[in-house]
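Here are a few friendly notes to read alongside the model. Please keep the 3D view open as you go.

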Amino acid sequence: MIQNSELILNPDGSVYHLNLRPEHIAHDIIFVGDQNRVEKITQFFDSIEYSTQKREFKTQTGIYKGKRISVMSTGIGPDNIDIVINELDALVNIDLETRQPKKELTSLNIIRIGTSGSLHADIPVDSFVMSKFGLGLDNMLRSYLIDEVSNAAIEDAFIAHTNWDIRKGKPYAIACSEKLEKIIESDKIFKGITATAGGFYGPQGRVLRLNIQDEALNSKMDSFNFNDEKITNLEMETAAIYGLSALLGHNALSLNAIIANRASGTFSEDPYKAVDELITYTLNKLAQK
């Protein structure tokens with residue numbers, strides 16, 4: 001039996017942070033970071049059956065072309081992903097009354113839709129990027145036993161290429177869901193490695209008033225290549241989503257609309273259009289699944 005202190009429930013029986021009960025979520029779930037972006041997706045729905053918000057975690061569940069889909073905001077960072085995916089898994093794979101794991105487990109399909117900047121000139125603004133791998137620089141997932149789901153070859157190659165300071169923790173690499181990759185992929189989508197940082201400023205190479213441990217890290221990441229897989233973009237959630245999903249038996253995929261290109265110094269003339277196009281593309285692929 002899972003103790004009350006380990007799986008915290010609200011008085012109405014919902015999980016503590018997400019404020020959700022099992023009947024509130026679909027098995028196909030779209031993640032966004034910003035709570036204000038939830039309705040940018042559900043505006044395309046035919047109907048919305050449930051909506052709730054607690055802190056930065058906003059959820060709406062509804063129907064799109066006959067497919068039941070939930071859209072959820074996770075907020076920023078791997079620590080929030082730890083909350084969101086563990087509580088989602090509890091909703092489908094733990095009996096909340098007996099506090100026992102279920103004998104028959106359910107696999108959720110989780111797709112993250114975000115925006116990002118490209119590190120390479122050949123990935124232009126307004127294009128889409130699929131994260132073939134998530135490369136975690138954040139160290140959150142190392143609290144779990146991850147050897148069975150991580151890619152040691154990519155990890156070792158990255159550590160050697162960047163002369164990584166292991167005092168920051170060992171990076172981890174996790175593949176996307178092959179099932180979702182096949183459903184979503186197209187000739188218009190670039191694929192690569194998405195690096196996940198544990199912060200926005202120093203961890204992503206930004207310098208304000210504090211010096212950082214490795215000022216050359218971003219340029220090293222730009223030149224990293226593992227079996228023709230390059231690091232295409234840098235953000236704060238994908239590797240954590242991939243890692244926890246793989247450990248818990250869920251399918252996960254991360255997609256980004258590229259609104260800036262660091263190599264060329266360009267920015268999308270209409271970033272909202274690029275995001276809307278990625279949203280409708282993803283919804284249509286899910287509806288056909």
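1. Helices (H or I, at least four residues) and strands (E, at least two) are DSSP runs, numbered from the N terminus, and the expected span of a helix is 1.5 Å times one less than its number of residues. This is a predicted model, where local features need pLDDT of at least 70, side-chain atom pairs count only at pLDDT 80 or more, and totals for chains, interfaces and linings use all residues. Residues are numbered from 1 along each chain as its sequence is written, and side-chain values use heavy atoms, without hydrogens and water.

2. Start with helix α7, residues 271-288. Its 18 residues reach 26 Å from first C-alpha to last, close to the 26 Å expected at 1.5 Å a residue. Buried residues (under 20% relative accessible area, 1.4 Å probe, protein chains only) in α7 are P271, A274, V275, L278, I279, T282, L283 and L286. Viewed down the axis of α7, they fall within an arc of 165 degrees (taken from the directions from the helix axis to the C-beta atoms), so they line one face of the helix.

3. Now to the pockets. A pocket is an open set of points on a 1 Å grid over the protein atoms alone, where a 1.4 Å probe fits, with protein on both sides within 12 Å along at least five of seven lines; lining residues have an atom within 4 Å of a point. The largest pocket is lined by 23 residues, with T115, S116, F200, L234 and E235 nearest its centre. β7 supplies the largest share of this lining, five residues.

Note on methods
Buried < 20%, exposed > 50% of the residue type's maximum accessible area, 1.4 Å probe, protein only.
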